[in-house]
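Open the model in your viewer and keep the selection panel at hand. The stops below go one selection at a time.

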Amino acid sequence: MSIKLTAEIRNVAGKGAARSVRNNKKVPAVIYGEKKTPVAIEIDGHNWVQLIKKPGLRTKLFEIETPNGQESAMLVDIQYHPVSDAPIHVDFKRIDVKKPVNVTVPVEVINMDTSRGIKMGGILNFAVRKVAIVGKIDAIPEKITIDLADIEIGQVIHGTDLELPAGIELGLHQAELAFAAITGKMKEEAASPAAAPAKDAKAKDAKAAKPAAKAPAKK
């Protein structure tokens, strides 16, 4: 589902002009890419602040209506004020909705509480939390999930093990990445090495407590 924005064209660029835009409760932005001339725009500040509270915006199609026509774009970057944390500039990149796009989305693990490996004493190593994928914008998911329910101790989840939606492929160099693993030893295995030393220590203590045999008296 696309996100629709209405924007005005900024005819004057520069820090002073951008400051004037922000003083009018607008956020300066730019749309670039697809071998077309960049367009400087301004969007409603209040609406934008409310919108960026929603997750997954970088995987969404933005349909930006301007006086020059509609632009299809993706959110690339948001710059924030270092003190107030208010958005002060936004970058959008034009896209062709008929062509695949390259994006990075978060990876999330689920069913930790019911994970077979974790129940047996394993430890989750969640190493790579983002994955690069390729696909048309309307098929891009907000995130990729890893289901830990049936993962055993010693199992590693590589890029090729990720479940991707139809029409989505892994990006470059993602296939062999180790995204998550359950490491360690099972509870029974972890306990068994400790049992032998304890038994040896008990035997040693018993031997020490036993009184030494008296030597026969000399005649």
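The tour visits a sheet and then a group of aromatic side chains. Keep in mind that this is a predicted model.

**Stop 1: the sheet.** Select β10, β7, β9 and β12. These four strands form an open sheet, in the order β10-β7-β9-β12. The pairing is mixed. Now go to the edges: colour residues 144-147 for β10 and 169-170 for β12. Each of these strands has a single partner, so one side of each is left without a neighbour in the sheet.

**Stop 2: inside the sheet.** Select residues 101-110, strand β7, together with residues 130-135, strand β9. The two run antiparallel, and six bridges join them.

**Stop 3: an aromatic pair.** Three aromatic pairs occur in the structure. Show the side chains of Trp48 and Phe92, which form one of them. Their geometry is edge-to-face, with 5.9 Å centre to centre and 75° between the planes. Trp48 sits in helix α2 (residues 45-51), while Phe92 belongs to strand β6 (residues 87-94), so the pair ties together parts that are 44 residues apart in sequence.

**Stop 4: a surface check.** Are these two residues buried or exposed? Trp48 has 1% relative accessibility and counts as buried. Phe92, at 0%, counts as buried too. The cut-off for buried is under 20%.

**Stop 5: the cluster.** Trp48, Phe62 and Phe92 form one aromatic cluster.

Methods:
Residues numbered from 1 in each chain as written. Predicted model: local features only at pLDDT ≥ 70, side-chain atom pairs only at ≥ 80, totals over all residues. Heavy atoms only, no water. Pairing = 2+ DSSP bridges. Phe/Tyr/Trp six-rings, centres within 6.5 Å; stacked < 30°, edge-to-face > 60°. Buried < 20%, exposed > 50% of the residue type's maximum accessible area, 1.4 Å probe, protein only.
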